[in-house]
Amino acid sequence: MAEEKPKGKREKVPRQEMAEQKPEDRTRNFNEVPFGYSPEQARLEASRCLQCKKPKCIDGCPVEIDIPGFIQLIHDGDFIGAARKLKEKNSLPAICGRVCPQEDQCEKVCILGKKDEPVAVGRLERFVADWERAQGEIEIPSKDPPTGKRVAVVGSGPAGLTLAGDLIKKGHAVTVFEALHKTGGVLVYGIPEFRLPKAIVQAEVDYLAKLGVEIKVDNVIGRIRTVDELFEEGYHAVFVGIGAGLPLFMGIPGENFCGIYSANEYLTRSNLMKAYLFPEYDTPIARGKNVAVFGAGNVSMDSARTALRLGAEKVRIVYRRSRVEMPARIEEIQRAEEEGVEFHLLTTPTRFFGDDNGWVTGMECIRMELGEPDESGRRRPVPIKGSEFSMECDLAVVAIGAGANPLLPNTTPGLELNKRGYIVADLETGKTTKKGVWAGGDIVTGSATVISAMGAGRQAANCIHDYLMGGGKTWP
Amino acid sequence: MFKIVSKREMAERTVCEFDIVAPDIARKAKPGQFVVIRANETGERIPLTMAGTDTEAGTIKIIFQVVGKTTALLRSFGEGDEITDIIGPLGIPTHVENLGTVICVGGGTGVAVMYPITKAYKEAGNHVIAIIGARTKDLLILEDEMTAASHDLRVTTDDGSYGHHGFVTDVLKQILDERDDVTLVVGIGPVPMMKFLCKMTKEYDVKTMVSLNPIMVDATGMCGACRVSVGGRTRFCCVDGPEFDGHQVDFEELVKRQRAYLTEEKASLDRFTEQNPE
């Protein structure tokens, strides 16, 4: 039963903090950092929600979750009901509750946040999803009758998984093709265990399999079969959600010394291949004592914190702009700082030094200052002449972003790309220039967030459904 | 899961050949392409070259040298056993056309990679001279296959136990001295062999392609573990290769990058040998 919230008493409930591992403990393991809310805490936090008549938080959410609705159910103590409410719009709540940048979305526009701190929507979402999973009461929703239509989903990241879940429920036969040996895309190769436990991703994939989604790993589309061959095999629609999986390097001398990794390689070795468990797992990873990470996005923070957990004594983020331009979530920056990661801002490497065996030993850096804003609107970093200096390091991770992997686009005639190699697709529907092919997520927008990829998957699913039910004769 | 249907050991058990059921890969694979294998749930991903395919049987043939834990583990597999993951075909196929006279040089296990490429050049109408070599007679592989795949096969052994006493490059030099109609040399083998071979063919100004085998993880262009410097540019061997113009390749860097995990590889193999005494 919903209790009447007495006016004026709300301020007495502060935003609930999640208990978490202490920095000195957590840098010695790969376990998740926060423990999550207790049921009491969740209800307390839920009681802070104003239940606005015109909730801004829903507009702030890329998949338009009924946020006040699920929070009210938590407040009522109906956690399973809250989970069902969430899943009406979001098929991956345990993941979004952990990795969504809520501070830029739902929580940013929360009315409570104007004078006080916003409702902890992300933490509540996470609580509800974890509760449902722990109760083993994951409901398998009913499916529409079979339509006889087949959809191929290329890539099993957040966009592809969301789309697969939506379309299987609408009665279509869905096959997901994954290039790696495990499903989840960036959720399994990129985001570390301490931020997103892999068992959670696996549970979401298992759920889709239970719904009837066919999952084919070890399938590099563009090599083992092309998009055109998928149509020949009888698929009626193809969704391309392959992410932005081409690591960018800085193009400076010495960058191919051993011990210099792309963040993709470093994180893939640790996360997907479980190199942190070497030699139980066969994949090795260099365990640097003195580590430099270039870039200041979430991937940089993940790399830096992974290095600490792999035994580094000193880990530095080296970033060419200043603190305000750092693209990482504030929470991730804070966690990295708590764990002892140092920040060297307005600094960029100009070349690497190595030993006779080809291993990196250090680098030359140069100081930067901020000039006029560039096309991204951020002030452009300009090198300060004569400010070069040396820094030692025995491991370096380049985390300056990713580009479009050309493997699939290059084998798909008729698929228009923009000049940076990303697939041209309608941002509302995901439709590409090739009949029967949709695309969404990072391969369209460039590196973005899990939730925006999920939003793109949802929109494309709606459009594909309409197309298939309309007979698929016209394009667009 | 990918079932092994036949197994053959060669070269004093240092080299092993499997035929594996992988119909989708068999259907698409072309000479020069490779697969990535993850032997079991705790396994690493390693690239292995396909020495052939049988589209009717739906099988691929892989030949590998036992050099580390993963290849030792693979050798312990028998007919009927299953490999957890095989991903492929990967890499850009060999660009095969009728060029005239082509010399295919294979050293050690590189002969396995060379075999389908040699066959393809012959089928495309080239006059194909093949040179294969090994340290000693018992380590030589695929002699019969290479005889059939070429017009003229020369064999060398480092210790003189069979064929020409010396290196494959000695015989290559002889041929290059004798004839001026050689349009292409393809060299595949250990890095020192390829490096030396390229140095030689550069003196003769003969175009030379090599197939590189750096460390890879995903092998789909996602990680950059396999980056090699070619003509001063960084290329990803998995998607831009594995074949490159040998005269442009920075072999020094390649060999250093190949040795990046030597300590871990040894520890891993020692641990495996201890746990699985033969």
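User: Which residues of helix H5 of chain B are buried?

Analyst: Buried means under 20% relative accessible area, exposed over 50%, and partly exposed in between (1.4 Å probe, protein chains only). Helices (H or I, at least four residues) and strands (E, at least two) are DSSP runs numbered from the N terminus. In this predicted model, H5 of chain B spans residues 168-178, and its buried residues are Val168(B), Thr169(B), Val171(B), Leu172(B), Ile175(B) and Leu176(B). They sit on the same side of H5(B) because they cover an arc of only 155° around the axis; the arc is that of the directions from the helix axis to the C-beta atoms. On the other side of H5(B), Asp177(B) and Glu178(B) are exposed.

User: What do the buried residues of H5(B) pack against?

Analyst: Contact means heavy atoms within 4.5 Å. The partners of these buried residues include strand E8 (101-107), strand E9 (127-134) and helix H6 (191-203) of chain B.

User: What limits apply to such a reading?

Analyst: The model is predicted: local features need pLDDT of at least 70 and side-chain atom pairs count only at pLDDT 80 or more, while totals for chains, interfaces and linings use all residues; side-chain values use heavy atoms, with hydrogens and water left out. Residues are numbered from 1 along each chain as its sequence is written, and chains are lettered from A and ligands numbered from 1 in the order in which they are written.

User: How many salt bridges are there over all chains?

Analyst: A salt bridge is a side-chain nitrogen of Lys or Arg within 4 Å of a carboxyl oxygen of Asp or Glu. The count over all chains is 51. One of them joins Lys434(A) and Asp228(A), with the closest N and O atoms 2.8 Å apart. Lys434(A) lies in the loop between strands E17 (402-403) and E18 (437-439) of chain A and Asp228(A) in helix H11 (residues 227-232) of chain A, so the pair ties together parts that are 206 residues apart in sequence. Lys434(A) is buried, at 12% relative accessible area, whereas Asp228(A) is partly exposed, at 25%.

User: How much area do chain B and chain A bury between them?

Analyst: Buried area is the accessible area (1.4 Å probe) that two parts lose on being put together, summed over both. Here it is about 3700 Å², 53% of it on carbon and sulfur atoms. In chain B, Met222(B), Arg227(B) and Tyr261(B) lose the most area to chain A, together 19% of what that side buries. The contact takes 45 residues from chain B and 44 residues from chain A.

User: How many salt bridges link chain B and chain A?

Analyst: The count between them is 4. Arg271(B) forms a salt bridge with Glu280(A), the closest N and O atoms being 3.5 Å apart.
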